[in-house]
Amino acid sequence: SHQPLNNAENIEPNQPIELNFNKAIDPAKLQVRIYETLHGKTYLNRDPSGSDFIDAAGYQLEEVNRDREQINGNISVLPDGKLVAFYPARQFGYHAELYVDVIYDGEELGHFNFRIRKLPTLVIGGIADQFGQPLGGITVSLPELGRTTTTNNDGGFAFGFQEPAGNEIAGGRYKLHVNPGLETPGYGNLVRTINLQEGSSNELTLMRLAELHPGVAFQLISSRQADTSFAGDGLKMDLSNAELQFNRGRSSGEIQYQFMPYDQLATQVLPGTAPQWMFVAQPRGVTVEGKVGIRMTVPKLDGDYTYIPDTTRYVLIMGYNPERELIEPVGIGEIENNQVTSIGKVELKSLDFIGYAWVHPEMQPRFKAVADGELSLQQLLGELQK
């Protein structure tokens, strides 16, 4: 008998081949011939023998083409002479087809074949706070795949390692949740869309998790709610004509807003429309449908408002597009008495980020055209991107 069995699937690439004889054998008369066929990618160790650990590159994913390439190895026989193990000189290739011929005293006793498991899909990432300090013990999950892990002391996390054969992560587009449900108190949550390439090592960019200010309280809000104030009245929203959707489809829930400078947002912004700062919501992921009214107090800089250009009357209201995972203009606002008030419909899709951005003064007439209904916001954005 033998292991793996004939036509076996999902065999590990470092698994030895075991042969069990019904009586003791003479190892000198035994031949085990292994042939491998593989056309695709697998991990190869290109480091010379005896390479220093620090300088070693380790196994690298490379394309190979092998047609019944013979694999050398060593035979080990247990003391009773009946159980034999063949240890290959190198790892079998991922998803390779292996063919085994067993010959004893010049006579073929049998042959069988088996297939190695598929290449694992690996996901590697890291979590830090808004100042770049690594965060350990943070829950990270891929709900669509039923996988959850926590970050190590260096803020790192990974999926796909040491998982059983046949349970590899399929390539595709998934939502990655960081600190879901605000499980780690004192920090916010994140939801990122990641695109995984099957059978590869997918290294994600460092993600930043905002530390929550202990003095900022959470407030209960709901769909169709009138004026609501946040961040010490720095932000006011009229949701009387809007529907909210919290986690699990709820139309109400608790939320807080923190004032955050641009360099701590750690989120992409549409080019040419960068805000100086924004109000950032926690938890993230509350979506909006309908018309929203927004009013924001303009903060002082060095104790006064002289930094606001005299020629600026209109600004871009900025919000978050969860589909594009991008901060972008969602409407036009007017500055009056050191407050920015939205004009007309604000096309807010999410409560995650709310703020405003200056643009070049010569665009003020075009902003007024949007405010007066003579130009659409999309037309204006097209002009800004030229």
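**Second largest pocket**

I started with the residue classes around the second largest pocket: its lining has 7 nonpolar, 4 polar and 3 charged residues. For these classes I counted Ala, Val, Leu, Ile, Met, Phe, Trp, Tyr, Cys and Pro as nonpolar, Asp, Glu, Lys and Arg as charged, and the others, Gly among them, as polar. The space in this second largest pocket comes to about 340 Å³. Of the 14 residues that line the second largest pocket, Tyr94, Pro120, Leu122, Phe161 and Gln162 are the closest to its centre.

A note on what I am working with: this is a predicted model, where local features need pLDDT of at least 70 and side-chain atom pairs count only at pLDDT 80 or more, while totals for chains, interfaces and linings use all residues. Residues are numbered from 1 along each chain as its sequence is written, and side-chain values use heavy atoms, with hydrogens and water left out.

Grid points are joined across faces, edges and corners, and a volume is the space filled by probe spheres set on the points.

**Largest pocket**

Next I looked up the largest pocket, with a volume of about 720 Å³. Its lining takes in 29 residues, and Asn189, Val191, Asn247, Arg284 and Gly285 lie nearest the centre. By class I found 9 nonpolar, 12 polar and 8 charged residues in this lining. Strands β11, β14 and β21 (252-261) each supply at least two residues to the lining of the largest pocket. Strands here are DSSP runs (E, at least two residues), numbered from the N terminus.

**Cavity**

How many cavities of 30 Å³ or more does a search of the whole structure find? I got 1. About 80 Å³ of space lies in the largest cavity. Of the 14 residues lining the largest cavity, Arg208, Ala210, Gln264, Leu265 and Arg284 lie nearest its centre. The lining of the largest cavity splits into 8 nonpolar, 4 polar and 2 charged residues, and β17 (207-209) and β22 (277-282) each supply at least two of its residues. I was pleased to see Arg284 come up again: Arg284 is among the residues nearest the centre of the largest pocket and among those nearest the centre of the largest cavity.

**Open sheet**

I then followed β11 and β14 into their sheet. An open sheet of 4 strands runs in the order β12-β11-β14-β15, with antiparallel pairing. Two strands pair if DSSP finds at least two bridges between them. β12 (147-150) and β15 (190-196) stand at the edges with a single partner strand each, so one side of each has no neighbour in the sheet. From one strand to the next the twist averages 25 degrees, using axes fitted as lines to C-alpha atoms and angles that run from 0 to 180 degrees between N-to-C directions. I found 2 bridges joining β11 (residues 139-142) to β14 (residues 172-178), and the partner of Val140 in β14 is Val178.

The largest nonpolar core has 31 residues, and Leu235, Met237, Tyr257, Ile294, Met296 and Leu351 have the most contacts inside it. Such a core is a set of buried Ala, Val, Leu, Ile, Met, Phe, Trp, Tyr and Cys residues joined through side-chain atoms within 4.5 Å. Strands that each supply at least two residues of this core include β20 (235-245), β22, β24 (314-321) and β27 (353-357). The largest share, 5 residues, comes from β20.

I turned to β27 and found 5 of its 5 residues buried (under 20% relative accessible area, with exposed over 50% and partly exposed in between; 1.4 Å probe, protein chains only). Which residues cover the two faces of β27? Phe353, Gly355 and Ala357 are buried on one side, and Ile354 and Tyr356 on the other. β27 runs antiparallel to β22, with 3 bridges, and antiparallel to β24, with 4 bridges. Ile354 is the bridge partner of Phe279, and Gly319 also stands opposite Ile354.

β6 (residues 73-77) and β7 (residues 83-88) run antiparallel, joined by 5 bridges. Gly73 has Pro88 as its partner in β7. In this hairpin, with 5 residues between the strands, Gly81 takes a positive phi near 75 degrees.

Last, I checked Glu36, which sits in strand β4 (residues 30-45). Glu36 is buried, at a relative accessible area of 0%.

Definitions and conventions:
1 Å grid on protein atoms, 1.4 Å probe; cavity = no way out; pocket = protein on both sides within 12 Å on 5 of 7 lines; lining within 4 Å.
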